[in-house]
Amino acid sequence: MSTTRIQPLEVWSFRRDDAAKATTVRLPHDAMIGERRGPSSPGGADVGWFFGGRYEYRTIWRPLAQDRGQLVSLRFDGVQGDSAVYVNEELVGQIRGGYTECELMVQHAIAWGVDNEICVEVDNRDQPNSRWYSGSGLYRPVQVIVRPPVHFAADGLRVRTEETVGDRARIEVTYEVIDPAGQAHKTAVEIWDGDTLVAAGVGDTAAGMVTLDVADARLWSADDPHLYRLVARIESDETILDERSERVGLRTIEVDARNGLRVNGQTVLLRGACVHHDNGILGAATHRTAEFRRVRILKEAGFNAILSAHNPMSRHMLDACDELGMYVVDEFADYWYVHKTAHDHADRFRDTWRDDAAKLIEKDRNRPSVVMYAIGNEIPETATADGVELAREISAYFRAADPGRPVTVAVNIFLNVLVSLGISPYKKNQGATSMAGSTEANVMVNQIGRMMNLVTRLPRADRATRNVFGVVDVAGYNYGLARYRRDVKAYPGRVILGTETLPGDVARAWDAVRNHPAVIGDFVWAGWEYLGEAGVGVWVPGKRAGLSKPYPYLVAGPALIDLTGHPDTSLRLAQAAWGTLAAPAIAVRPVDRSGQPVVRSAWRSTDAVQSWSWRGCQGRLAEIEVYSGDDEIELLLNDRSLGRRKAGRRRGYVARFKTRYQPGELTAIGYRGGVPVSRSTLRSAAGPLQLQMSADRGTVAADADQLAFVELSIADADGIVEMLADDQVELEISGPAELIGFGTATPATEESFTDNTHTTYRGRALAVLRPTGSAGDIHLVARSARHGRAETPLSAVLIHC
């Protein structure tokens with residue numbers, strides 16, 4: 001008899017509402033990234049000035065002969081836009097909410113033995129529906145799930161590490177079997193380490209628990225992300241009725257104010273990155289390779305935790321966190337019953353939150369990387385009695401459904417103060433409840449700057465937050481650094497997590513994490529650059545500018561890793577504070593803008609760039625920042641000392657210098673106790689500049705969801721990138737691959753990521769290629785207007801799984 005089978009539906013026909021013809025697309029597919037942008041976009045800066053739209057997706061699925069009589073469902077990992085799903089022209093369900101998984105039973109509409117047409121109509125015209133770029137359409141995978149009549153329930157296999165004693169781990173596997181006849185069957189449960197069976201047990205009821213002891217257990221942690229394989233089978237008279245297999249990690253979680261967060265009994269401090277769901281130049285499309293790349297780059301940068309801002313994390317990114325080793329705080333929602341944008345679904349929240357929470361927990365339950373749930377972000381109603389009661393109810397639901405993980409809520413303390421003062425009281429907005437929201441608070445924070453610290457210290461700030469913090473396991477502080485020292489004394493049982501911190505406050509926040517066991521970590525806003533909230537973290541030339549920036553601004557701007565995966569200078573401050581910066585990091589404020597006024601943002605600590613290559617700027621004043629944990633920094637320009645400055649913790653990990661720009665070598669020497677201990681150098685590009693190109697791999701799997709990331713640069717013969725020689729580059733691709741994204745980290749552009757022509761930004765661009773399914777050589781040629789051409793060898797090979 002057949003067991004449960006999951007079949008991806010990758011190839012679809014796609015048609016925009018205003019298009020005469022359909023095109024073929026492969027999932028994941030973000031329809032919005034190909035839409036027009038402009039100053040009349042209804043979503044405005046929130047969505048990066050993109051327009052929404054209506055779309056139709058169609059595909060064909062033919063069931064196997066042995067599928068007759070089986071249970072068939074469609075699982076949508078995420079659809080952006082209100083959607084209706086049809087099978088053979090019969091409506092089988094609707095999808096409401098772009099970040100929540102949805103499974104629809106469709107066997108009643110299936111025609112057996114022939115092709116079945118599946119149609120998804122998506123309406124994402126009403127913008128903004130989020131406070132950031134959401135994307136549109138089938139941006140996450142879609143699968144057909146075929147289950148036998150007797151099968152494991154969707155959330156019917158639950159693994160929990162009960163305890164670890166010495167080198168032995170005791171785990172509990174809870175199972176639930178669905179059998180319409182109500183018969184009892186044997187359920188066999190096994191734990192495998194590679195090809196070695198390390199534990200096994202049997203249950204003989206429809207729902208029950210099997211307890212297993214794993215000897216010589218290798219426990220999962222971010223430092224050692226070891227995974228076992230769980231195999232469970234429903235058996236009857238030696239016949240396998242259903243089988244499930246998934247990768248699991250064995251680990252325990254404990255948290256309290258006295259000992260902090262402990263994983264496997266060891267204290268863990270969370271060096272966290274807030275990360276939005278979009279993949280930069282790929283839009284919202286959730287490609288597995290792209291998610292793994294993001295997690296890998298973040299981990300190499302020194303982060304050990306990700307907060308999924310502000311919606312459930314994709315399965316692909318969770319896989320990456322499980323396999324590569326990254327702790328996860330999976331966030332449930334950005335709004336509850338109070339609207340933050342005109343077209344979010346706050347009016348549905350009270351009716352849908354339980355189902356949505358159940359889907360999140362089902363997705364995360366067996367993930368070792370997920371160490372905590374965040375039930376909401378900057379929810380203004382948490383300053384009210386009704387909001388606190390709802391927080392209590394949601395927290396209780398999460399704890400009851402998944403008792404192994406603590407629950408937090410991310411509270412913008414400044415926002416809660418505003419609500420408590422009635423500055424923006426409840427009002428009616430297009431028939432829906434509204435109040436002061438995250439955007440209003442952010443605008444005020446940016447204008448008030450450090451005055452925010454004074455407001456969050458006030459007794460009213462405590463009164464506006466203490467009730468909601470009392471109903472969760474961990475108090476999430478957004479921009480509440482000024483309260484840490486006071487609250488660890490006032491509330492000795494409270495566990496505190498910095499759920500959002502300004503990039504410039506990371507060093508101060510990390511001091512609090514190290515000094516107070518009750519403060520278990522800090523998440524910087526933001527870890528990875530994202531689309532939408534256009535320009536909130538961008539420093540712009542001039543004397544006046546709003547928080548959000550006008551068209552053609554596109555990215556938010558505050559992140560420690562830019563849109564293409566390169567580190568921003570602000571990352572070096574965090575690394576210095578964490579103690580992971582091996583050598584001084586030299587950065588230079590844009591020399592071509594020297595002497596010009598600039599409007600700063602509270603969400604960016606610097607506009608400096610790690611480059612000493614600014615052609616045409618000889619003699620202009622250069623402002624230099626050197627980030628280091630060393631006591632002192634000496635700076636040399638072309639072997640001439642520019643002096644020594646204090647650095648390290650007491651100076652905020654940065655030493656500042658000024659000099660007139662001259663091409664050559666800029667060297668920083670770090671001293672501790674008067675002794676040189678570290679050194680780093682920046683060099684100017686010399687001689688002719690040439691377009692250069694390099695791929696992150698030479699071979700790509702043709703028949704798997706794998707991508708190749710190709711970096712382009714304008715550089716000299718030694719690979720030193722020039723900041724001020726940007727050029728327009730055109731790509732031409734032949735062979736079994738397609739170009740699915742091409743762009744840069746520029747904060748403002750009118751160019752499209754879906755075109756094959758783009759202008760470099762500070763000498764760099766990124767292209768992403770996707771194999772089309774067959775083997776062969778891939779030829780990618782880049783031609784620039786002034787810096788020649790480049791090409792890189794790639795080949796697609798068949799890897800049968």
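Select Asp511 first: this residue is buried, at 16% relative accessible area. Buried here means under 20% relative accessible area, exposed over 50%, and partly exposed in between, with a 1.4 Å probe and protein chains only. The model is predicted: local features need pLDDT of at least 70, side-chain atom pairs count only at pLDDT 80 or more, and totals for chains, interfaces and linings use all residues. Numbering runs from 1 along each chain as its sequence is written, and side-chain values use heavy atoms, without hydrogens or water.

**Stop 1: Asp511 and Arg649**

Arg649 makes a salt bridge with Asp511, with 3.2 Å between the closest N and O atoms. The pair ties together parts 138 residues apart in sequence, because Arg649 sits in the loop between β36 and β37 (654–660) while Asp511 belongs to helix α11 (residues 506–515). Arg649 is partly exposed, at 48% relative accessibility. The salt-bridge rule asks for a side-chain nitrogen of Lys or Arg within 4 Å of a carboxyl oxygen of Asp or Glu. By that rule the count is 59. Helices (H or I, at least four residues) and strands (E, at least two) are DSSP runs, numbered from the N terminus.

**Stop 2**

Select residues 632–637 and 640–646. These are β35 and β36, antiparallel strands joined by five bridges. Strands count as paired when DSSP finds at least two bridges between them. Glu632 stands opposite Lys646 of β36. Two residues separate the strands of this hairpin, and Asn638 in the turn has a positive phi of about 50°.

**Stop 3: Arg604 and Asp568**

Select both side chains. They meet in a salt bridge, 3.1 Å from N to O. The link spans 36 residues: Arg604 is in the loop between β33 (598–599) and β34 (621–627), and Asp568 is in the loop between β31 (540–541) and α12 (569–578). Are Arg604 and Asp568 buried or exposed? Both are buried.

**Stop 4: Arg786 and Asp727**

Move to Arg786, which forms a salt bridge with Asp727; the closest N and O atoms are 3.5 Å apart. Arg786 lies in the loop between β47 (776–784) and β48 (789–797), and Asp727 in the loop between β42 (708–715) and β43 (728–734), so the pair ties together parts 59 residues apart in sequence. Arg786 is exposed, at 54% relative accessible area. Asp727 is buried, at 1%.

Now color residues 691–787. UniProt, in an unreviewed entry, places "domain: Glycoside hydrolase family" there. Such annotations may be inferred rather than shown by experiment; positions follow the numbering used here, and feature names are shortened. The end C-alpha atoms of residues 691–787 are 5 Å apart, and the span is 0% helix and 52% strand.

**Stop 5: helix α2**

Select residues 315–324. Seven of the 10 residues in α2 are buried. Among them are His316, Met317 and Leu318. The buried residues of α2 pack against several elements, including α1 (288–301), β23 (327–331) and α3 (349–364). Gly325 follows α2 with a positive phi, near 95°.

**Stop 6: zoom out**

Show the whole protein: 12 helices and 48 strands. The C-alpha trace spans about 85 × 65 × 60 Å along its principal axes. Of the 801 residues, 60% are buried. Contact means heavy atoms within 4.5 Å. Among contacts with a separation of 6 or more, 71% come from residues 24 or more positions apart.
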